[in-house]
Amino acid sequence: DKIINAKILFVCILITAAWFSVGYYNPDEHYQILEFANYKLGLSPESELAWEFNNISRQAIQPFVAYLFGSILIKIQLYNPFLLAFILRLISAALSFSALNLLIKNFIDSKHQVRGWMLAILLGFMPFLLVRFSSESCSGAIFFIALCLLSNKENSYHDLYFVGLLLGIAFYCRFQTAFAIAPLLLWYSLFIAKLEWRKYGCLIFGFLTAIGIGILIDFWFYETWVFTPYNYLNSQIFKGVLNQFGVSPWWYYPILLSQAISTFYAVLIILVTIVFILNNPTNVISWISLVVVGFHTIIGHKEIRFLFPLILVLPITFNFAIVNLEYYLSNRTFSLSYFKVFKIALIIIGILFMLVCTLKPVEKTVVIMEYIYQSSRNQKTYIYTLDGYTFRGKQIMGKYASGYVVNNFYKNNQTNMMYVNAQFDIEDLRKRPNSYLFIDEINDKAFLIKNISKLKRIKSSIPEWIRYFNINNWQSRDSIFSLYQLK
């Protein structure tokens, strides 16, 4: 069966992405989830957590999941932070696959479902984004699972309770999901439930159950009773913390989309989405897309990841556009031939884009961190660094968030960071056994050129063979991190 084969291929790509795309796309994916879990495991000090911890404004449902699996690995003596992160990415992959499977079944007719799966692959950024254990990916997947289940007119009251439970969990993973839940429930009341109040009651009861579970998990994490949705709203919106991280004009999302995935893909996505909405004004996907994009357009602080929950519907919107374009061109032989050539070109570009996105690390320093972790398991290791970027993240300045965020999750107690300046004498590396020099090959270029004759590269964030393909001198512009020892 072609559909089953397409699903198997997509699952294999998701697993590959989960294995290779180590690190985080956005710091929140790491510092507000993995570091929080690491703290509850007793491996991170409270003083080095992100500012949301002391502000008690970050929900703990995903840190709880990470803590749960971390505890199991510790119990069976298999704990490794890189293995734990991989397991969490597999969880995201499973949720995303489940959501996409339901979406394709519900919104694409059977003869085009194989193309739906192929589109999920050829939109090359999808696999690596769908395996992120981030609030955006997890909440989006759980939300769309709930949406597909809710669209069934034959739901029992138990089914509706479960849907409400899923919507509540999606909300507690990411509070902004409320702006997807609202149009969904409005659509449901107009086209499915009508005035059957018992159905609303089951949904609300399930939703409140999830809220109760979220409150209990937050109590476990913060060790005090707290309602994090209010704290989040109070600090991020009412006190203006969100705008401290930058404000952009209302029209800025197309630019962010172009920067993230190229202008070509950005234009395609925008056009296809507009065509879908205009031709399907009563479709629930249209309602949700309009409200979610509209809400984030109004909010001053903009990040492209805020729209990531919507990527799951792209195979549906693209399939709709292709079906209609094929129908339009069906009696135009000359135009149809050009369209087939265009499709082949897109397939080739999509495969290459997917391979790049799937096989490369998302955060390059994690490759170095894993080498350090493995080499320092049984002996003290000293890492000399000029900028501290290996385990001390980028500096954050602001009224509520200031100082450095610290990456303790990938660090064991045998690793010792030695922060030095450009006047550092590399012969000092001989004073301590098992000493390494961490280098950012762009920011530390002058220091590296000065001392390269005395150093040998032990590990790099890119494979050594790629260095031989320095087309257009790209290596002088791309961040490359390396670990060196004295010769």
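The following questions and answers cover helix packing in a predicted model.

Residues are numbered from 1 along each chain as its sequence is written. In this predicted model local features need pLDDT of at least 70, side-chain atom pairs count only at pLDDT 80 or more, and totals for chains, interfaces and linings use all residues, while side-chain values use heavy atoms, without hydrogens and water.

Student: How are helix H1 (residues 2–20) and helix H5 (residues 81–107) oriented to each other, roughly parallel or roughly antiparallel?
Tutor: Helices are DSSP runs of H or I with at least four residues, numbered from the N terminus. Axes are lines fitted to C-alpha atoms over the stretch in contact, with angles from 0 to 180 degrees between N-to-C directions; those of H1 and H5 come within 9 Å and cross at roughly 155 degrees. Angles over 145 degrees count as roughly antiparallel and those under 35 as roughly parallel. H1 and H5 are therefore roughly antiparallel.

Student: Which hand has the crossing of H5 and helix H8 (residues 135–150)?
Tutor: The two axes come within 8 Å and cross at roughly 35 degrees. A crossing is left-handed if the near helix is turned anticlockwise from the far one by less than a right angle, and right-handed if clockwise. The crossing of H5 and H8 is left-handed.

Terms used:
Helices (H or I, at least four residues) and strands (E, at least two) are DSSP runs, numbered from the N terminus. Angles under 35 degrees count as roughly parallel, over 145 as roughly antiparallel, 65 to 115 as roughly perpendicular and the rest as oblique.
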